[in-house]
Amino acid sequence: MARRPTLEFWFEFASTYSYLAAMRIEALAEAAGVSLRWRPFLLGPVFAAQGWTSSPFNLFPAKGRQMWRDLAREAARLGLPPVTKPESFPQNSLAATRVAVHGAEEPWIGAYVRAVYDSEFARGQSIAEPAAISALLNGLGLDGPALIRASTQEPVKSRLRSIGEEAKSRGLFGAPTFLTEDGELFWGNDRLEQALAWAVGERPAGLR
């Protein structure tokens, strides 16, 4: 059997457009014959390196208002539940991200990522507290308290820090970002299909 190409999916739990991509990427990758590598990371250090103290959707209010309207339109178009804006935005995603780093290679990672995003943007709930993440894990039939404990150990913390450095060294500046095996970078939910096509060798005319 021929080896499947791999696409890296870099996502941040506080990112609205990562939400749209995360809710559909697994099924689309499977249909395209592409293996998916889940790459959770934190955007805060990336933004700080650009001189930003918060999400650009907060720093530029007009852009933020348009983003929430666009998110609502896209969620409806994709058949997702109506968007419910959480009370705090962007949310502190550290606890959720540590669990994702710990479980990135586990068979439950896709279901977990979708559960976090659904809680955050479809139900408007907080994902900042470890107890909230533990409850979501329990709802998936997993041992939430045990996974929270494991995700707070130093190896996971160190891994998350190294992932952040890797993101910066590879030129990531936002989320979602998709990286193909040959290093082609696609940014934004609306580039997901193009990233999958590139991953399987499809190129627009005139490009290699």
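Predicted model: local features only at pLDDT ≥ 70, side-chain atom pairs only at ≥ 80, totals over all residues.

User: What is Ser119 in contact with, leaving aside neighbours within four places in sequence?

Analyst: Gly124, Gln125, Ile127 and Leu136.

User: Switching topic: at what angle do α6 and α10 cross?

Analyst: Roughly 95 degrees, with the axes of α6 (residues 94-102) and α10 (residues 154-169) coming within 10 Å. That falls in the 65 to 115 range, so the two helices are roughly perpendicular to each other.

User: Which residues meet there?

Analyst: From α6, Leu94, Thr97, Arg98, Val101 and His102; from α10, Val156, Lys157, Arg159, Leu160 and Ile163. By class, that contact has five nonpolar, three charged and two polar residues.

User: And the whole chain, how many helices and strands?

Analyst: There are 11 helices and four strands.

User: What about the radius of gyration?

Analyst: The chain has 17 Å, which agrees with a compact globule, because one of 208 residues would come out near 17 Å. The C-alpha atoms fill a box of roughly 50 × 45 × 35 Å along the principal axes.

User: How much of the chain counts as buried?

Analyst: 45% of the 208 residues. The accessible surface is about 10300 Å², with 54% of that belonging to carbon and sulfur atoms.

Definitions and conventions: Residues numbered from 1 in each chain as written. Heavy atoms only, no water. Contact = heavy atoms within 4.5 Å. Axes fitted to C-alpha atoms, helices over the stretch in contact; angles between N-to-C directions. Parallel < 35°, antiparallel > 145°, perpendicular 65-115°, else oblique. Nonpolar A, V, L, I, M, F, W, Y, C, P; charged D, E, K, R; others polar. Rg over C-alpha atoms; globule rule 2.2 N^0.38 Å. Buried < 20%, exposed > 50% of the residue type's maximum accessible area, 1.4 Å probe, protein only. Areas by Shrake-Rupley, 256 points an atom, 1.4 Å probe, with all protein chains shown as cover.
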